[in-house]
Amino acid sequence: MDKEAHQVRKRARRFKKLFEKISVNALPWEIDGVHYFMVNYLKFNKLQGTAIFSPKKREEHPDSAREAHRPLFQFYRLMNEIHAIGNRKATIDATYFEQPLSLSNNRANPELQDGHAFLTLLFHKQTQFKDVYAHFFGELAKLRQDSQPLSQTHLDMAITTIAELDLYHYEIMKETVKHIHVLKNWISAMKHENLWEDLSQNHRVFFQQMVQNEEKVNEQLKSRSITNQPNRDKLLKFTKKKYTNFLNEERLKDFSRLRFPQ
């Protein structure tokens, strides 16, 4: 697959403009046994144009290349969105929850018990979020390792992944706002029980920022387009539907300005 991407890069140079850089998305879309790659032309890290190429011109069909634009555009925009939503949360170390949970475990103080229950719930959501994020990029790594192209299965996986991450992110914000008083009381109880200083400075800052960001998170929560549907399966279905035509208007504009094929 890397050899094919190199051949595509060579073909793409013909349509490159002054000061632009070429970026070839690593995984292609296959139509009738031919691999079609999406090429982005960037200038100062801003997208200037798009093209769809196969490694060898004699193998490709212009109509197939145009057909490949839709799934490639959608997949890579979804992938970028998955990275944008998930990267920061997915890198939160488990010790940010494990250490305080171990300190407040089996304590008689009711405020510590309430806080322990809340942090356990939050840790569970965070772990699920992290697993979904890691699974998606793990599957892409397997594709590259096996030199396999993208398919409808992977596009569906991207839609499901972004919907699940979006929903987990919403649930984490919702639970945080709902239980912010519990977190505040837990911090006070940790200080009263002389446990607060047993946390590392980074861990203390982590929880203090959660409290300080209460208003910001509440505003973000209000701005979310997720419905108040209480059934999680139906809510996930609704969220997947929202992402099925993700950035469709931008895709149509991008398609109308394709540098190749025209």
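This is a predicted model: local features need pLDDT of at least 70, side-chain atom pairs count only at pLDDT 80 or more; totals for chains, interfaces and linings use all residues.
Residues are numbered from 1 along each chain as its sequence is written, and side-chain values use heavy atoms, with hydrogens and water left out.

**Stop 1: helix 4 and helix 6**

Select residues 110–145 for helix 4 and residues 180–192 for helix 6; their axes come within 8 Å and cross at roughly 125 degrees. These axes are lines fitted to C-alpha atoms, for helices over the stretch in contact, and angles run from 0 to 180 degrees between N-to-C directions. The crossing of helix 4 and helix 6 is left-handed, meaning that the near helix is turned anticlockwise from the far one by less than a right angle.

Now show the side chains in contact (heavy atoms within 4.5 Å). On helix 4, pick Glu111, Leu112, Asp114, Gly115, His116, Phe118 and Leu119; on helix 6, pick Val182, Leu183, Asn185, Trp186, Ala189 and Met190. Coloured by class, this contact has eight nonpolar, three polar and two charged residues. Here Ala, Val, Leu, Ile, Met, Phe, Trp, Tyr, Cys and Pro count as nonpolar, Asp, Glu, Lys and Arg as charged, and the others, Gly among them, as polar.

**Stop 2: helix 5 and helix 8**

Next, select residues 152–178 (helix 5) and residues 214–223 (helix 8), whose axes come within 10 Å and cross at roughly 130 degrees. Helix 5 and helix 8 are therefore oblique to each other, and their crossing is left-handed. Tyr170, Met173, Lys174 and Val177 of helix 5 meet Val217, Asn218, Gln220 and Leu221 of helix 8. Five of the contact residues are nonpolar, two polar and one charged.

**Stop 3: the whole chain**

Zoom out and colour by secondary structure: the chain has ten helices and four strands, which are DSSP runs numbered from the N terminus (helices H or I, at least four residues; strands E, at least two). How spread out is the chain? Its radius of gyration is 23 Å, well over the 18 Å that the globule rule gives for 262 residues, so the chain is more spread out than a compact globule. That radius is taken over C-alpha atoms, and the rule is 2.2 Å times the number of residues to the power 0.38. Along the principal axes, the C-alpha atoms fill a box of roughly 75 × 35 × 35 Å.

Definitions and conventions: Angles under 35 degrees count as roughly parallel, over 145 as roughly antiparallel, 65 to 115 as roughly perpendicular and the rest as oblique.
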